Amino acid sequence: MGILEIVSPTQAPHVKNLFGHYDTGGFYDEMFSSPGVPRPHFRHIYQTLSTMRPEVFEERRHLADLSFLLQGITFTVYSDGRGTERLFPFDLVPRILPRHEWDHIERGLTQRVLALNLFLQDIYGPQRILKDRKIPRPLVLSCRHFRREMIGIQPPRGIYTHISGIDLVRDSKTGEFYVLEDNLRTPSGVSYVLENRLVMTRTFPRAFELDQVLPISHYPAELCQILRSLSPHGGSDPVIVVLTPGIYNSAYFEHSFLAQQMGVELVEGRDLVVDCDVVYMKTIRGLTRVDVIYRRIDDEFLDSLAFRSDSLLGVPGLISAYRAGNVALANAVGNGVADDKAIYAFVPEFIRYYLGEEPVLRNVETYLCSRPDHLEYVLAHLEELVVKAVGESGGYGMLIGPSADGAQIDAFRRHLREDPRNYIAQPVIPLSRCASYDPASGEMAGRHIDLRPYCLFDGEKVIIVPGGLTRVALKPGSLVVNSSQGGGSKDTWVLRGDA
Amino acid sequence: MMLSRIADSLFWIARYMERAEDTARILDVNYHMVLESYQSYRLRWHPLIIITGEQELFFQHYQEATAPAVIEFLGFRPDNPDSIVQCVSKARENARTIRDRISREMWEDINGLYHQVLAFRMDDEIAAGPHRFCNAIKFGCHRFHGVSDATLPHDEGWQFLQAGRSLERAEMTARIVDVEYHNLVEHPESPAPPDNHQWMAVLKSVAAYEVYRRQYHTQIEPEKVAELLMLSPHHPRSIRFSVAALQSSLRAISGTGAHAYANEGERLTGKLHDSLTYSRISEIFERGLHAYLTDVQKTCRAIGGQIAHTYFYYSAAA
């Protein structure tokens, strides 16, 4: 048997290698430091994959897909009129970060989350930063997601950003990580982080033995701990619920996943009722008081009495119960003012102003179209820039200049002139790439990626599970990683050491 | 504390699964009986539509109850709310809304069944006969209950599942006996006496054929079939058995002891169970089988309404 094993069929010369035609294409490649030379922290996984027969890889990929399908980890596409369920594409090649890079990212995110939370306390409180003229008052007050109703209301323990998802990209030119945007309202995707890891450990168990990958499975427990600490009456066993818009929401799987992992109730608006500023849920034994709500419904749909009166998703009277201090909400109401894409440009300034520190992670250079000089520049360089609507997320309301046609550019030129406050522009960042499986060719190919770590804030410290969600633009050449636009995801490994 | 919506979903998951299974059973058995029989097909396919209570809808789409039409209608049609595919889809949709509250195994099982059912091509099943399809449903439903029993805590949620299944089964068996007796005994379309095959089919459709053979050792007699399917305390698909199971689930939910009731649903269930326990089949025939079974079905619907009223719904004022 020993002799046979030496001439393993995986090494036979006529067999195709998954990396046979791999081209780093002049981008920063997460896996390779130069063509054919893997970076030290990718050494083991490269060895595993490059000696694996393509059929074997294809088989594992099939098993992984099947596992997602059977678990119902799907999102629903309504554009075809039938509500087809699709898998969120999962790429089996992990994205690996060495420890020193992660430590740097963690320092940067911690600082950023602290500053953003202080900014929200300030804006809905004394507004010192406006008085000190560090950011233009009209810019802040004109944010679509600024909630005047929240001024003067102290959320429990002063926490606004219990959960934030901060999008990072690595610029191919410098190899450095930049913050692309902050998501402080109801960031989603953390369930994919946890499920991707589960599927990876089943698909490539050996790889986890070789590499010392930092664990991430404690996320739900950390989140639950924070939610418990928010209980208004401080009792030992608060009633915590996850509030979902319901089964038709694209992130529904995540809502039920988190409720199940935390062992708390998943409720819809219709399960709750407010009486005398107290929130109750309807059970088979009558009404039960609710203390803490992890809500995954946007501000404007939360309470038809306070915000949009046509919303059936939320709970009438909820905001008044919140104001009365009878129920805690995570995240706080009004966070959208801090993740507005125009406000984003000032976050480095917040870090200096509130913390007296220099930002560890830099922002991408940003043109505010509300400023006439910037607007003029943007209008003259639309073909080279990315233009984004400030209040949107999920890759909607966006122009990517270099790949847009004349009509799209003209349309945005009009939008920009009509409503400059609503737009910002940034240079196109040549995102780093990571080897990813290309089903069309049956081989590995470089695809652009980003990284969204999930940061929890307990009022004192910021807790970040190592890694986060790596999103990958699976279309060749594409820079858009959003799942609604053909993106997929990868498992993200942070190694205990540097290799 | 169990949310009303979750109890409601569990109750309906079980009802839809039971409905899918029962429909698959009558479809499968009937198909095979028609293959063996020389009677005209119309005679045998039409009652299936009556049993499921969707005559009006059926004849909006079809002229005649032929085998392909009935298989399509009861098995696959998306606009028939009681078609097997619709029942499985709705059961799975309900499970999806409460997947955090059922076991992962249950969810993966029912989700797997859903994808399996969607993969059947209707035209193939009509051409080849619905046996493969019906069998998949039958065993899918059995497996679902097995997985539930083995992985879900046997608390009130599990009791709501049991209650849904028992109520649906009691009502379905009542309808099967009612329609078949009416067709085969009281108003036969052909003057010849109905042959054994048809009663065998009825028994098989509720998995009672072997039981009948063992219990009665006689030719198949319609009264005895009715007795077995309505009054047997042991056959798991008899009306009495199902109502007893329903009663025990409802008592477990409310914590009521024997000889008492906590709400209107329990009172109706207890009354029905007493009638099924202490009536002789001969007495039921004297009073009229059809009238009796009509009452059973009405009571089942009332019990369903009372369960919803007690546990699921809140008035707008709360």
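Student: Which domains does the domain assignment of chain A give?

Tutor: This is a predicted model. For chain A the assignment gives domain 1 (8–94), domain 2 (233–326) and domain 3 (367–427). The centres of domain 2 of chain A and domain 3 of chain A, taken over C-alpha atoms, are separated by 37 Å.

Student: What makes A:Phe412 and A:Tyr423 an aromatic pair, and which kind of pair is it?

Tutor: Ring centres must lie within 6.5 Å, and planes over 60 degrees apart count as edge-to-face. Here the centres are 5.9 Å apart and the planes stand at 70 degrees, and the pair is edge-to-face. Over all chains the count comes to 32 aromatic pairs.

Student: Why is this pair said to tie together parts of chain A?

Tutor: A:Phe412 belongs to helix α15 (residues 406–418) and A:Tyr423 to strand β19 (residues 423–427), so the pair ties together parts that are 11 residues apart in sequence.

Student: Is A:Phe412 buried or exposed, and how do you know?

Tutor: Buried means under 20% relative accessible area. A:Phe412 has 11%, so it is buried. A:Tyr423, with 10%, is buried as well.

Student: Why is the pair of B:Phe58 and B:Phe59 called edge-to-face?

Tutor: The ring centres are 5.0 Å apart and the planes are at 85 degrees, so the pair is edge-to-face.

Student: Which residues do ring pairs link into a cluster in chain B?

Tutor: The cluster consists of B:Phe11, B:Trp12, B:Tyr16, B:Phe160, B:Tyr311 and B:Phe312.

Student: What makes A:Arg147 count as lying over the face of A:Phe307?

Tutor: The charge must be within 6 Å of the ring centre and within 35 degrees of the ring normal. A:Arg147 is at 5.0 Å from the ring centre of A:Phe307 and lies over its face. In chain B, B:Lys204 lies over the face of B:Tyr209, at 5.4 Å from the ring centre.

Student: What is the strand order in the open sheet of three strands, and which are the edge strands?

Tutor: The order is β10-β11-β12 (chain A), with antiparallel pairing. The edge strands are β10 (272–275) and β12 (286–289) of chain A, since each pairs on one side only. From one strand to the next the twist averages 40 degrees.

Student: How do you know that β10(A) pairs with β11 of chain A?

Tutor: Pairing needs at least two bridges. Four bridges join β10(A) to strand β11 (residues 278–283), and the two run antiparallel. A:Val274 stands opposite A:Val279 in β11(A).

Conventions. Residues numbered from 1 in each chain as written. Chains lettered and ligands numbered in written order. Predicted model: local features only at pLDDT ≥ 70, side-chain atom pairs only at ≥ 80, totals over all residues. Heavy atoms only, no water. Domains from an automatic or database assignment. Phe/Tyr/Trp six-rings, centres within 6.5 Å; stacked < 30°, edge-to-face > 60°. Buried < 20%, exposed > 50% of the residue type's maximum accessible area, 1.4 Å probe, protein only. Axes fitted to C-alpha atoms, helices over the stretch in contact; angles between N-to-C directions.
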